[in-house]
Amino acid sequence: MKRIFTDCRVVAMDSPVNDIDGYQVKEHCNIAVENGVITAVGENLTTEGYNEVVSLHGRLVTPGLIDSHTHLVYAGDRAAEFEMRLNGVPYEEISRRGGGILSTVKATRQASEQELTDLAIPRAKALMRDGVTTIEIKSGYGLTLDDELKMLRAARNVAKALDVNITTTLLGAHAIPPEYQGHSDDYVDLVCEQMIPAAVAENLADAVDVFCESIAFTPAQCGRVFEAAQAHGLKIKGHTEQLTNQGGSALAARMGATSVEHVEYIDMVGVETLAKHDTVATLLPGAFYFLRETQKPPINLFRKNGVPMALATDFNPGTSPFASLTMMMNMGSTLFGLTPKENLYGVTRHAAQALGLHNKGQIAAGFDADFAVWDLNEPAQLSYQIGLPSLHARYLKGERSCDL
């Protein structure tokens, strides 16, 4: 199938963030697509020889947005816990009453694969209405072999049910389950020796993530998980430096991680190590906002050292219950001081890099024809306004999606 899109105002993201060309609106462009892949972008492309000519009537076109960090598959919610916190109940008391992450673990374990799929689909649709064409979904609320695999199957089911690209990440090392309290090394054995091989055997995971933190897993334990993942051919990522500086970001980067995520407490050594290994720093302003944190990621250090910055929702029931990537773009500016240009790179080109997707995130020859069409005048509006519907259409591999 050969299709050409005409009369486009293209924001291509086809050059580095410090180069103006990728963010500059290219007027009167055509986008040629063959078999789902962009073959050419330019002003004077002929429309002859194409099966279909689609005019976008001067609308703004960006790469499809990429949400590179979500926990979209889970059961239950934590609204009651949210209300308790606001009424002054300490987190320790909430935990004693069955709240916190373990409440989500309990609900997720009790849910069937189909129930988890049915719950995840409307969450994915909400992101799709925001121009998202690719979503990363992590496991991490099962914390048993069977329940982690169940979550990953549900994530794969979302991809079958909707017009959206899904990448899956095994986050078995998200928290220490209650049955392994005091025996975290034994649980790491389970992740390395059973979860990872089983996920690979069923082709359920594209990557493996760990939570390297004082309340979760040590750098040494995370290193074991990374080694097991790489031995099975999986990419690695890290939840690092969210609450304290454990050195997890530098460890992950040295071991070849595509991204490290949260990174509010990363130090200079960590930043320089990310830069050296071209590892993406994925920023999650939703969790920063919802938890009313005060320690911001070192944005200026990332800029100075050329560390690519992605931006994601971290959609989850406990710390970032937000299904809007454009709202994260606004928060990226208002909370972290990112420019609208950095925001858009963070949800396109840099988000693709964070997931190791070398064929997405740009409007350029050789890339998948995944793009979003907007009723907007300029790309800065994506970071500026919240709540007003501005998405005209989503295209995956050159095909218009009506699945919203």
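## Side-chain pairs and the domain interface

Arg 9 forms a salt bridge with Glu 27, their closest N and O atoms lying 3.0 Å apart, where a salt bridge is a side-chain nitrogen of Lys or Arg within 4 Å of a carboxyl oxygen of Asp or Glu. This pair links distant parts of the chain, with Arg 9 in strand S1 and Glu 27 in strand S2 (residues 26-34), 18 residues apart; strands (E, at least two residues) and helices (H or I, at least four) are DSSP runs numbered from the N terminus. A search of the whole structure finds 19 salt bridges.

The model is predicted, so that local features need pLDDT of at least 70 and side-chain atom pairs count only at pLDDT 80 or more, while totals for chains, interfaces and linings use all residues. Residues are numbered from 1 along each chain as its sequence is written, and side-chain values use heavy atoms, with hydrogens and water left out.

The count of aromatic pairs comes to 11, under a rule by which rings of Phe, Tyr and Trp (its six-membered ring) pair if their centres lie within 6.5 Å, planes under 30 degrees apart being stacked, over 60 edge-to-face and the rest tilted. Phe 5 and Phe 371 form an edge-to-face pair, 5.1 Å centre to centre with 90° between the planes. Because Phe 5 lies in strand S1 (residues 2-10) and Phe 371 in strand S14, the pair ties together parts that are 366 residues apart in sequence.

The domain assignment, which is automatic or taken from a database, gives the two domains tabulated here.

| Domain | Residues |
|---|---|
| Domain 1 | 2-63 + 362-400 |
| Domain 2 | 65-355 |

Their centres, taken over C-alpha atoms, are separated by 29 Å, and the contact (heavy atoms within 4.5 Å) takes 27 residues from domain 1 and 25 residues from domain 2. Domain 1 and domain 2 bury about 2,000 Å² between them, 62% of it on carbon and sulfur atoms; buried area is the accessible area (1.4 Å probe) that two parts lose on being put together, summed over both. In domain 1, Val 17, Ser 383 and Arg 394 lose the most area to domain 2, together 30% of what that side buries. Between domain 1 and domain 2 the count is 0 salt bridges.
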